[in-house]
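Trainee: I am new to this structure. Can we go through what its labels rest on?

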Amino acid sequence: MNKRILSGMRPTGSLHLGHLAGALENWIKLQKEYDCFFMVADWHALMGEYEAPENISDYAIDNVIDWLAAGIDPEKSTIFIQSQVPEHLELHMIFSCFTPLGLLERCPTYKEQLREVKTRDLHTYGFLGYPVLQAADIMLYKADAVPVGEDQLPHLELTREIGRRFNLLYKTKVLPEPKAILTKHPRLLGLDNRKMSKSYNNAINISDSDGVIMKKVSSMITDPKRIKLADQGHPDICNVYSYYEIFAPEKKDEVRDWCENAKLGCTECKKRLAAAILDYLKPVQLKRNELLQDTSVVRKILDNGRQKAREAAANTMADVRRAMKI
Ligand code: TRP
Ligand code: SF4
């Protein structure tokens, strides 16, 4: 039996190139070696979006369509929606009984979000327990490893701590110590050189039309010292060049030559980048459109995923209750 991984994404918006080149490409590779569970974390989305939850279920389906279009294979991996597996809540509740408040209050992601997020009130009971639900997600499938970005490492540490406490309290070994598989995020900044994010409105979405992509790429910030065509450019400080490195690495040397030797202007350089991104996205978008034509295929995949997830979850819950004698 292959080792198991579980990972998830919150359905809070359309997926963009950052998701594709980061998490998704990584998930696709991991499918070859691991028994993969990929989850839409809609309850986690709700913890932040509880004032306006009406789009979560549409984004959930839309994100799964992007996963499938990118190459997540339902024959190999179990794809499911968290809220269709009620056992997540049961294990979350059990974990919450013995998770010390101090551990949650000290969690760096929690402190950061309270500081940074001004558009909604996250001083809630539910949001404090965000990592407890994440621990339940991971332990419910007894995942050996969890592919995550660096920002999620504190949550994984908390997951291990919760697992250790459970095993210690109930003198058992039922919960494993999951490892992190760190997703190497390519240096992909948004159009304005800030982190690519839906909330900054600086992302290129997987679902963007050709026209929108061309317009977005033409608005990218380039080397500020290169004003005229005759000015020599510095590709290493230009975000356009880093996009070439990720989406058209075979053109890297050529672009460097155009740029450093002032052979081609930035407008043309960006036009060609847009064309390269369209090429990169073409197969994904074709598959996406095909899935959109008939979403019953997607619903069937999710139905199947729910059944497999519930079966695994029910087994773990039986072990958990047995260990606790409840
Ligand atoms: N917290 C994760 C994020 O925001 C999403 C998530 C929820 C998750 N449950 C998970 C990731 C379990 C990995 C494993 O990215
Ligand atoms: Fe950037 Fe291309 Fe302009 Fe060089 S030519 S500064 S790589 S956009």
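Mentor: Start with the ligand, and keep in mind that the model is predicted. Ligand 1 is surrounded by 14 residues, and the closest are R10, Y130, Q134, D137 and Q152.

Trainee: What makes R10 a polar contact of ligand 1?

Mentor: The cut-off is 3.5 Å between N or O atoms. A polar atom in the side chain of R10 is 3.1 Å from an oxygen atom of ligand 1, so the pair is within the cut-off and counts.

Trainee: How do you know that Y130 and Q152 belong in that class?

Mentor: By the cut-off of 3.5 Å again. For Y130, an N or O atom of the side chain lies 2.7 Å from a nitrogen atom of ligand 1. For Q152, a polar side-chain atom and a nitrogen atom of ligand 1 are 3.0 Å apart. Both distances are within 3.5 Å, so both pairs count.

Trainee: Where do the two domains run?

Mentor: The domain assignment gives 4-189 + 295-324 as domain 1 and 210-289 as domain 2. Their C-alpha centres lie 35 Å apart.

Trainee: How many residues does each domain bring to the contact?

Mentor: Domain 1 brings 14 residues and domain 2 brings eleven residues. The area buried between the domains is about 1,100 Å², and carbon and sulfur atoms give 62% of that area.

Trainee: Why is the pair of R288 and D66 called a salt bridge?

Mentor: The rule asks for a side-chain nitrogen of Lys or Arg within 4 Å of a carboxyl oxygen of Asp or Glu. In the pair of R288 and D66, the closest N and O atoms are 2.7 Å apart, so the pair meets the rule. In general, side chains of opposite charge can pair when their charged atoms come close.

Trainee: What does the pair of D66 and R288 tie together?

Mentor: D66 lies in helix 3 and R288 in helix 13 (residues 266-293), so the pair ties together parts that are 222 residues apart in sequence. The whole structure has 24 salt bridges, and the rule finds two across the interface of domain 1 and domain 2. The two domains also have four residue pairs in polar contact.

Trainee: Which helix gives the most to the side of domain 1 that touches domain 2?

Mentor: Helix 3, with six residues. By class, that side of domain 1 has ten nonpolar, no polar and four charged residues.

Key: Residues numbered from 1 in each chain as written. Chains lettered and ligands numbered in written order. Predicted model: local features only at pLDDT ≥ 70, side-chain atom pairs only at ≥ 80, totals over all residues. Heavy atoms only, no water. Domains from an automatic or database assignment. Contact = heavy atoms within 4.5 Å. Buried area = accessible area lost by both parts, 1.4 Å probe. Polar contact = N/O pair within 3.5 Å; in protein donor to acceptor, adjacent residues only side chain to side chain. Helix = DSSP H or I, 4+ residues; strand = E, 2+ residues; numbered from the N terminus. Nonpolar A, V, L, I, M, F, W, Y, C, P; charged D, E, K, R; others polar. Near = heavy atom within 4 Å.
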